[in-house]
Amino acid sequence: MTATSGQQLDQALTDLGWPDLLTEMPDVAIPLVFRLLGETGAHAPLLNDVIAHAAGTSLGATHPLPFAGGSWVVWERTDRPGTTVDEELPLHPVQTGTAIGVAASRAALAWWLLGSSRAMLSLARRHALDRKQFGRPVASFQAIRHRLAETLVAIEGAEATLTAADDEFGALLAKAAAGRAALIAARHCQQTLGGIGFTAEHDLQRHIRRVLILDGLLGSTRELTREAGTRIRTAGAAPRLVHL
């Protein structure tokens, strides 16, 4: 993942046994691979395989994905530039589709978002330690430390939610929490990096564009939070997600 991406990475992972790992040990395969996609900044159309496995169909095809705002996209297994703000992802609009394997694919996206969040936090932390102002590292300033601490708390909280998710509603909440954590990370890390964080050439911008798109797939943070609230209000009770 540190050396290649896209269609070439898709083929490399297939050769390494990704389909077998997903089929035999999905609880290991999905967190491991999708978290690493986020941490390395690589991408591959593996979400299609997660959907296919959850639906009991053959791997290797593509499936329409709901996108924020009621639209639909397909994640092609090509390197054709996409039409979203993150052109590296070969996402292209389609007229409509049917959502299948939603819980598993939301969990996969949540792991990807958390990996990207940790990558952004690492970039900001390294900059805060290296950058000096008034004769000392900016990491010593309270405002910077508070931003980074809030980011870490959001990431750890989202990962705890994701680890505890074992049903469709849990996956919905985990995707919403991971999207929220990624957006917090993007905002705070960009502020920590200062001017350089706003330049298109810095690695942070690639992660920001990535999380904006991943958050919109299969329900954005706002959409999922609203849906969760509607469910709880309709049922008149909130389900117990974790037994302490």
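This is a predicted model: local features need pLDDT of at least 70, side-chain atom pairs count only at pLDDT 80 or more; totals for chains, interfaces and linings use all residues.
Helix α5 comprises residues 102-130, and helix α6 comprises residues 142-164. The axes of these two helices come within 10 Å and cross at roughly 160°. Because an angle over 145 degrees counts as roughly antiparallel, α5 is described as roughly antiparallel to α6. The crossing of this pair is left-handed. On the side of α5, the contact is formed by A107, A110, W111, L114, S117, R118, L121, A124, R125 and A128. These residues meet I144, L148, T151, L152, I155, E156, A158, E159, L162 and T163 in α6. The residues of the contact of α5 with α6 comprise 13 nonpolar, three polar and four charged residues.

Helix α6 also packs against α7, at an angle of about 165° and with the two axes 8 Å apart. The helices α6 and α7 are therefore roughly antiparallel to each other. In this pair, α6 passes α7 in a left-handed crossing. The residues contributed by α6 are I144, R147, L148, E150, T151, A154, I155, A158, T161 and L162. Their partners in α7 are L173, A174, A177, A178, R180, A181, I184, A185, H188, C189, Q191 and T192. By residue type, the contact of α6 with α7 divides into 14 nonpolar, five polar and three charged residues. Among the residues of α6, I144 takes part in the contact with α5 and also in the contact with α7.

The axes of α7 and α8 are 10 Å apart, and the helices pack at an angle of about 155°. That angle makes α7 roughly antiparallel to α8. The crossing in which α7 passes α8 is left-handed. From α7, the residues K175, G179, A182, L183, A186, C189, Q190 and L193 take part. They meet L204, Q205, I208, V211, L212, L214 and D215 in α8. The contact of α7 with α8 contains 10 nonpolar, three polar and two charged residues. One of the residues of α7, C189, belongs to the contact with α8 and also to the contact with α6.

A polar atom of the H202 side chain lies 3.0 Å from the backbone nitrogen of L204. Apart from residues up to four places away in sequence, H202 touches L123, L193 and I196. Of these partners, L193 is also among the residues of α7 that meet α8.

The loop between α8 and α9 (221-235) holds L218. Although L218 is not a glycine, its phi is positive, at about 60°. With a relative accessibility of 3%, L218 counts as buried.

Residue V94 lies in strand β3, which covers residues 91-94. At 29% relative accessibility, V94 counts as partly exposed. Although V94 and V73 are 21 residues apart along the chain, their C-alpha atoms are separated by 5.2 Å. When neighbours within four places in sequence are left aside, V94 is in contact with P64, W72, V73 and V74.

How values were computed: Residues are numbered from 1 along each chain as its sequence is written. Side-chain values use heavy atoms; hydrogens and water are left out. A polar contact is a pair of N or O atoms within 3.5 Å; within protein, one must be able to donate a hydrogen and the other to accept it, and residues adjacent in sequence count only if both atoms are side-chain atoms. Contact means heavy atoms within 4.5 Å. Axes are lines fitted to C-alpha atoms, for helices over the stretch in contact, and angles run from 0 to 180 degrees between N-to-C directions. Helices (H or I, at least four residues) and strands (E, at least two) are DSSP runs, numbered from the N terminus. Angles under 35 degrees count as roughly parallel, over 145 as roughly antiparallel, 65 to 115 as roughly perpendicular and the rest as oblique. A crossing is left-handed if the near helix is turned anticlockwise from the far one by less than a right angle, and right-handed if clockwise. Ala, Val, Leu, Ile, Met, Phe, Trp, Tyr, Cys and Pro count as nonpolar, Asp, Glu, Lys and Arg as charged, and the others, Gly among them, as polar. Buried means under 20% relative accessible area, exposed over 50%, partly exposed in between (1.4 Å probe, protein chains only).
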